[in-house]
Amino acid sequence: SEGRSSHPFMPLLCFTLVFGVVSGTHVTPPHSTIRPGFPVPVNTNNPEVRRAARFGVYRYNNSSNDLFLFKESQIKEAMVQIVRGLKYMLHVEIKRTVCEKRDHPSLDSCHFQRQKNLQQMLRCYFEVWITPWTHKVHIPVAHCH
């Protein structure tokens with residue numbers, strides 16, 4: 001039965017490998033607290049968390065009627081859960097940029113609005129589910145207000 005994914009420690013091992021590589025300088029919680037399917041806090045500066053937040057922003061921009069693109073301004077809180085991949089639960093503040101949707105520029109080059117009457121900040125909750133081995137991203141939840 002070696003090598004089969006049904007081995008009881010395989011999800012933990014996979015999580016440790018993925019999370020350990022992904023987390024960079026963030027200290028992985030003690031192994032006793034890591035359970036597949038159990039959400040754990042993760043550093044908001046983690047590059048993978050920032051990437052997941054950007055996917056949430058893309059989802060928001062695609063569904064909004066705003067003329068301008070929004071971009072994440074601050075990730076307030078982040079959790080990650082292991083469920084056939086990594087599911088990020090993110091509380092993110094997003095702000096309106098100077099970039100118009102029809103121009104489709106890279107968000108990295110979009111600056112936040114400086115005109116007072118055009119400035120807008122929204123608080124969002126995103127659930128971003130990434131399965132690294134299939135390169136698929138699914139965003140089941142994207143609520144902004």
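**View 1. Gln 81 is a buried residue of strand E2**. With a relative accessibility of 12%, Gln 81 counts as buried, a label given to residues under 20% relative accessible area, whereas exposed means over 50% and partly exposed lies in between (1.4 Å probe, protein chains only). Gln 81 belongs to strand E2, residues 68-82; strands (E, at least two residues) and helices (H or I, at least four residues) are DSSP runs numbered from the N terminus. Beyond its neighbours within four places in sequence, Gln 81 is in contact with Gly 37, Phe 38, Pro 39, Leu 86, Lys 87 and Met 89, where contact means heavy atoms within 4.5 Å. The model is predicted: local features need pLDDT of at least 70, side-chain atom pairs count only at pLDDT 80 or more, and totals for chains, interfaces and linings use all residues. Residues are numbered from 1 along each chain as its sequence is written, and side-chain values use heavy atoms, with hydrogens and water left out.

**View 2. Five strands form an open antiparallel sheet**. The order of the 5 strands is E1-E2-E3-E4-E5, and two strands pair if DSSP finds at least two bridges between them. Strand E1 (40-41) and E5 are the edge strands, each pairing on one side only. In a regular strand the side chains alternate between the two faces of the sheet.

**View 3. Strands E3 and E4 run antiparallel**. Strand E3 (residues 86-100) is joined to strand E4 (residues 121-131) by 10 bridges. Tyr 88 of E3 has Val 128 as its bridge partner in E4. Tyr 88 and Val 128 are 40 residues apart in sequence, yet their C-alpha atoms are 5.1 Å apart in space. Tyr 88 is buried, with a relative accessible area of 3%. Met 89 stands opposite Glu 127 in E4.

**View 4. A hairpin is formed by E4 and E5**. Phe 126 stands opposite Ala 142 in E5. Between the two strands of the hairpin there are 4 residues, and His 135 in the turn has a positive phi of about 60 degrees.

**View 5. Helix H2 lies across E2, E3, E4 and E5**. Helix H2 (residues 47-63) runs at about 130 degrees to E2; axes are lines fitted to C-alpha atoms, for helices over the stretch in contact, and angles run from 0 to 180 degrees between N-to-C directions. The buried residues of H2, among them Val 49, Ala 52 and Val 57, pack against E2, E3, E4 and E5.

**View 6. Two aromatic pairs are found in the whole structure**. Rings of Phe, Tyr and Trp (its six-membered ring) pair if their centres lie within 6.5 Å; planes under 30 degrees apart count as stacked, over 60 as edge-to-face and the rest as tilted. Phe 55 and Tyr 58 form an edge-to-face pair, 6.3 Å centre to centre with 75 degrees between the planes. These two residues are 3 residues apart in helix H2, so about one helical turn separates Phe 55 from Tyr 58. Phe 55 is partly exposed at 21% relative accessible area, and Tyr 58 is partly exposed at 38%. Tyr 60 and Phe 70 form an edge-to-face pair, 5.4 Å centre to centre and with 75 degrees between the planes. Because Tyr 60 lies in helix H2 and Phe 70 in strand E2, this pair ties together parts that are 10 residues apart in sequence.
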